[in-house]
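Welcome to a short tour of a protein model. Have a look at the picture first, and then we will walk through it together.

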Amino acid sequence: MSKKILIVDDSEMIRNFHSYTLKSANYDVLTAENGADAFEKLLQQKIDMVITDINMPVMDGYTFIKNIRQEDDFKDIPIIIISTEDEAQDKEKGFNAGANLYLVKPINPNELIENVKLLLGD
Amino acid sequence: MGNDYTKTIQSLIYQIESFKVAFNIIEKLSEYVTETTEKKYTELIDYIFKLTQKSDESSKHICNFLQEVIYGKTNLLQDSKLLSTATSDLTDIRKDHEKAIDEITNISSELKKSMLKIEKYSENITDISEITSILAINASIEAARAGEHGKGFKVIAKEIQNLSSRTKKVSQEIQNMIKEMVTYSVNYFFQYIENLQGNLAVLREVNEKLIKISKNIDFQSKTVETSLNESKILSDSIDSYIKKISKTLQFQDITRQQIENITKILSKIYANFENSLNSINIDITIDKNKIEKEIHEIAEYNFTVSDEYKAIKKEIKSDVKENKALKDKELKGDITLF
């Protein structure tokens, strides 16, 4: 059975890009528009990995990651941040919140697949 | 506070208020442009994704079908090899047939030669028996002349004559029999050769057709194999292009983020300015409606695209509508875009 990845981004276009990239690498994909929407989906079904943006309405990426890490069930779930923010302080904030990897847009699709495989041990 | 100072402050506030109105329009315009662009990109990408998926599915179906035909249970390649083996076997049979015809032709020719030789021997035997008969007649004449003494010899001469005539008869009978036998055999062989040659013609025709079919199948198999490989290369290159597009279009999201950041900065600057103004505590009246009207007039003057009017919440001007209709009409023909 394919592993399921949750993509969180307020841009439908970006959600579609990542979905296509990951589906082409035989992963199942689920999408959410913001942190709150994603957190609800995470509680409802088994997710193997989360890929999230930072700047989103309702609940931003940092808050979403902190909320995930507070739950015992999601302490070890791999989390990748893909953001337009390239500052060192943004990256530090991301890692402090609990992300495993911080990637800056625009990201090469093959690079994304390689990192996902690496974190999922595929 | 001096009059000039108040005027300067009033002018500054006027400019800042104008900037605020203009900034609102720019903000709405930016939002509208990014939303529309993103929506169009999303539609385009969605369309490309669906098209690629469909194309991918169709390619897979075709590939599976062709692979089944070539390598699967029906195994066209295997059939092609069997056909090739059968064709080769048929060629061998044809060659054996040709060899047999040659051999039979040689045998019948040898048989004819033997018959001629036997005929000659028979003729010799007939000649010898005739000579013997003449000798026997002469011997009996001589025996009659010898009288009583020749009686025994006469009996022998008579027997020799009988033997000679029997030999001649038997020799002719043998000659006739052999002639008949050879004629029958040769006729039989000729008929057999004729039949063989008929079969050979059919064999040659079938053999040639099979070779043609075999070559054709082989060629078709290779063509299909090449097409399969090309289809795979094409599919991979489409995927690679989509990934490249995917990376490039992420700049759209970066631009949106940058506009949002600029908007935040400008809003903060304006808020700071308003705070500063309030702290000065001077009573200056500004006609905000007038400013808005002025800025909207400037905007309308500069706007060229009908969609831009949405940023100032105004209906599209009738002449713009007409121009758009005219453009649509013109665009249907053979046009050159600059």
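Helices (H or I, at least four residues) and strands (E, at least two) are DSSP runs, numbered from the N terminus. From the N terminus on, the elements of chain A follow the order β-α-β-α-β-α-β-α-β-α, and they come to five helices and five strands.

This is a predicted model, in which local features need pLDDT of at least 70 and side-chain atom pairs count only at pLDDT 80 or more, while totals for chains, interfaces and linings use all residues. Residues are numbered from 1 along each chain as its sequence is written, and chains are lettered from A and ligands numbered from 1 in the order in which they are written.

Now let us look at one pair of helices. Axes are lines fitted to C-alpha atoms, for helices over the stretch in contact, and angles run from 0 to 180 degrees between N-to-C directions. In chain A, helix α2 (residues 35-44) packs with helix α3 (residues 61-70) at an angle of about 25°, and their axes are 9 Å apart. α2(A) and α3(A) are therefore roughly parallel to each other (angles under 35 degrees count as such).

Two residues are in contact if their C-beta atoms, placed from the backbone, lie within 7 Å. The table shows who takes part.

| Helix | Residues in the contact |
|---|---|
| α2(A) | G35(A), A38(A), F39(A) and L42(A) |
| α3(A) | G61(A), T63(A), F64(A), N67(A) and I68(A) |

Finally, chain A also meets chain B: the contact takes 17 residues from chain A and 18 residues from chain B. On the side of chain A, α1(A) gives the most, with eight residues.

Methods. Angles under 35 degrees count as roughly parallel, over 145 as roughly antiparallel, 65 to 115 as roughly perpendicular and the rest as oblique.
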